[in-house]
Amino acid sequence: MAPTKLPKLQPSGVDEAIEEDEKLSQATKELLLSLPRERGWRTPYVYLFQGFWCSSRQIQAIITFQKHFQAKDSDVLVATVPKSGTTWLKALTFATMNRHHFSCFTKNHPLLTSNPHDLVPFFEFTVYANHDDKVPDLSNMHEPRIFGTHVPFASLPSSIKESNCKVIYICRNPFDTFVSFWIFADKTKPGSLPTLPLEEAFEMYCKGVSVFGPFWTHMLGYWKESVESPNKVLFLMYEDLIEDVNFHLKRVAEFLGCPFTLEEESSGVIEGITKLCSFEKMKELEVNKHGTCATTVENKYYFRKGEVGDWVNYLSPSMAEKLTKVIEEKLGGSGLSFRMNS
Ligand code: PAP
């Protein structure tokens with residue numbers, strides 16, 4: 001595919017692009033020259049790399065991740081397209097897997113003082129960020145290790161696909177996901193980057209140009225894998241968790257091979273974990289009101305409304321119609337369907 005015409009940016013945005021790219025390795029710089037690029041949502045540009053869109057720094061980190069990560073059978077991976085419930089699922093997974101070390105009822109639970117993104121690091125923003133060809137030492141990590149990623153299934157390192165490690169994917173209706181990401185991008189972009197107007201962002205989203213998008217390819221990749229290998233990939237829906245998180249947490253624990261015992265159930269451990277990880281609880285924690293996590297984003301931006309159907313406050317009827325058509329065209333017949341309203 002030929003590189004697209006360079007998007008028009010304000011001069012300050014171009015400066016940032018140059019500054020950001022100057023820190024990259026020579027090999028990445030050369031690779032970027034060959035990739036199609038478009039205006040980014042919270043970075044000056046996004047590039048089409050291995051069939052998905054992401055920033056120059058993410059590409060470098062993903063290449064290192066693909067080259068060096070060695071999965072262990074006991075690893076767990078929380079995978080999502082951005083704004084689908086990553087923070088929530090990381091918290092639930094961490095609390096469930098570590099419940100014998102940290103009771104959900106104790107006052108010193110790590111989730112009370114750390115953002116989930118610091119307890120469950122992203123491969124591409126944290127573990128392999130700034131590690132061009134330098135392999136981070138993961139030997140001190142507590143096992144079972146839990147990682148997060150937005151990388152599409154097809155681009156995960158082969159050791160993840162070939163080992164017995166488990167992948168939990170959470171998917172959210174594209175209407176709310178779009179609105180959530182557009183607001184997040186605007187709040188967290190460098191101040192010198194101009195705001196991406198909602199209408200322009202929407203057109204890009206429908207064309208597939210969103211971070212780690214097209215969203216339909218991302219969802220389909222994990223969906224197909226979950227259908228073919230249900231012991232490898234568990235596919236969850238944000239809207240289902242909103243409706244009955246206790247029920248779905250039981251499924252998560254069973255999938256991970258650490259089901260809740262009858263005694264745990266009767267002593268309220270499931271409810272204890274879901275309460276600890278609830279939007280209301282997490283949003284009000286000091287660390288999530290004022291802290292910044294390893295992704296360099298202020299924690300407060302990971303907690304906005306946590307609702308199903310907020311998109312109606314942002315998208316016009318014609319936009320809704322257009323996105324519905326895109327979903328039908330790209331995901332129709334796949335078996336995937338979405339709940340758009342609460
Ligand atoms: P990320 O992919 O950048 O890590 P992610 O956590 O997937 O972000 O998405 C944030 C969304 O999840 C926000 O949605 P909103 O913008 O529509 O409000 C955020 O409010 C919501 N969220 C965060 N934590 C929770 C939670 N504990 N329960 C339910 N929703 C949550």
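The cavity search returned 5 cavities of 30 Å³ or more. A cavity is here a set of points, on a 1 Å grid over the protein atoms alone, where a 1.4 Å probe fits but cannot get out. The largest cavity holds about 70 Å³ of space; a volume is the space filled by probe spheres set on the points, with grid points joined across faces, edges and corners. The model is predicted: local features need pLDDT of at least 70, side-chain atom pairs count only at pLDDT 80 or more, and totals for chains, interfaces and linings use all residues. Residues are numbered from 1 along each chain as its sequence is written, and side-chain values use heavy atoms, with hydrogens and water left out.

Lining residues have an atom within 4 Å of a cavity point. For the largest cavity they include Trp41, Val81, Pro82, Phe178, Tyr205 and Phe215. Helix α8 (residues 174–188) supplies the largest share of this lining, 3 residues. The lining divides into 8 nonpolar, 2 polar and no charged residues.

Two of the lining residues, Trp41 and Tyr205, also form an aromatic pair. Their ring centres lie 6.4 Å apart and their planes meet at 70°, so the pair is edge-to-face (centres within 6.5 Å, planes over 60 degrees apart). Trp41 sits in the loop between β1 (37–39) and β2 (45–49), whereas Tyr205 belongs to helix α9 (residues 198–207). The two are 164 residues apart, and the pair links distant parts of the chain. The whole structure contains 29 aromatic pairs.

For a polar side-chain atom of Thr86, the distance is 2.6 Å. For Arg172, the side-chain distance is 2.9 Å. The protein covers 97% of the 640 Å² of accessible area (Shrake-Rupley method, 1.4 Å probe) that the ligand has on its own.

The peptide bond from Glu143 to Pro144 is cis, with omega near 0°. Pro144 lies in the loop between α6 (123–127) and β5 (146–149). A cis peptide bond also joins Gly213 and Pro214, with omega about 10°.

Definitions and conventions:
Polar contact = N/O pair within 3.5 Å; in protein donor to acceptor, adjacent residues only side chain to side chain. 1 Å grid on protein atoms, 1.4 Å probe; cavity = no way out; pocket = protein on both sides within 12 Å on 5 of 7 lines; lining within 4 Å. Helix = DSSP H or I, 4+ residues; strand = E, 2+ residues; numbered from the N terminus. Nonpolar A, V, L, I, M, F, W, Y, C, P; charged D, E, K, R; others polar. Phe/Tyr/Trp six-rings, centres within 6.5 Å; stacked < 30°, edge-to-face > 60°.
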